[in-house]
Amino acid sequence: MKKINLFIIAIVLVLYSCSNEEVTPLISSDILGTWIATSVDYGGQTVTEVSGQILSNTFTGEGYDIDFTVTFNDSPKTYISDGSYSIHLTNTVLGQTYTQDIENLEFLQDGSWEQNGNKLIIESQGEETEGTIEKLTQNELVLSVETIEDLSEQGATIISTIVAKVTFVRNN
């Protein structure tokens, strides 16, 4: 009987530890310093509703002419973004694919930052955005941000969900 009870307790402990397992990003360094962007990728969907009609499109974007840096300072916790990038955007609407290049985009406006585990909260011009640090090592930083924009006005509802992923290397 003792063996059965121990066996049941062992199974419960194994199941409990497996169910509470969280996937944590690789964070083994400090974010302070200057980071040089090496890639910018977008993905998402826009849903437009006008007079009961719904139109959905998906999009992807791949950065090019990437020439920007972000510097994270301590005391006070501010960041400075400098430079620009361009994006090759591919939209698919009603089975048709369209592409366009959007050039000379700024990555961020300067502002303040706060890190809480793998969450990076940035504030600029009164707006707060929360991103996820997917990887932070001595030499590499990978950030992802999901943004939902509601551009509704004059009887039309336009909601865009945008997921951006930016990879940086540390400026030595």
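Student: Where is the place of Thr 167, and why is this residue called buried?

Tutor: Thr 167 sits in strand E10, a strand being a DSSP run of E with at least two residues, numbered from the N terminus. Its relative accessible area is 15%; buried means under 20%, exposed over 50% and partly exposed in between (1.4 Å probe, protein chains only). Thr 167 is therefore buried. The model is predicted: local features require pLDDT of at least 70 and side-chain atom pairs pLDDT 80 or more, whereas totals for chains, interfaces and linings use all residues. Residues are numbered from 1 along each chain as its sequence is written, and side-chain values use heavy atoms, with hydrogens and water left out.

Student: Which residues does Thr 167 touch, not counting those up to four places away in sequence?

Tutor: They are Ile 36, Ala 37, Thr 38, Ser 39, Glu 140, Leu 141 and Val 142. A contact requires heavy atoms within 4.5 Å.

Student: What makes Ser 51 exposed?

Tutor: The relative accessible area of Ser 51 is 71%, so the residue is exposed. Ser 51 lies in the loop between strand E2 (33-50) and E3, and its phi is near 50°, a positive value in a residue other than glycine.

Student: How do you know whether Gln 125 is buried or exposed?

Tutor: Its relative accessible area is 68%, so Gln 125 is exposed. Gln 125 is placed in the loop between strand E7 (119-124) and strand E8 (127-136), and its phi, near 50°, is likewise positive.

Student: What makes Phe 68 count as buried?

Tutor: Phe 68 has 2% relative accessibility and therefore counts as buried. Tyr 85, at 5%, counts as buried. Phe 68, Tyr 85, Phe 107 and Phe 168 form one aromatic cluster.

Student: Which residues touch the most other members of the largest nonpolar core?

Tutor: A nonpolar core is a set of buried Ala, Val, Leu, Ile, Met, Phe, Trp, Tyr and Cys residues joined through side-chain atoms within 4.5 Å. The largest has 19 residues, and Ile 31, Phe 68, Phe 72, Leu 120, Leu 141 and Phe 168 touch the most other members. E2, E3, E4, E7, E8, strand E9 (140-150) and strand E10 (156-170) each supply at least two of its residues. In soluble globular proteins, nonpolar side chains tend to be buried together.

Student: How do you know that the peptide bond from Ser 75 to Pro 76 is cis or trans?

Tutor: Its omega is near 5°, and the bond is cis. Pro 76 is found in the loop between strand E3 (53-72) and strand E4 (78-93).

Technical notes
Helix = DSSP H or I, 4+ residues; strand = E, 2+ residues; numbered from the N terminus. Phe/Tyr/Trp six-rings, centres within 6.5 Å; stacked < 30°, edge-to-face > 60°.
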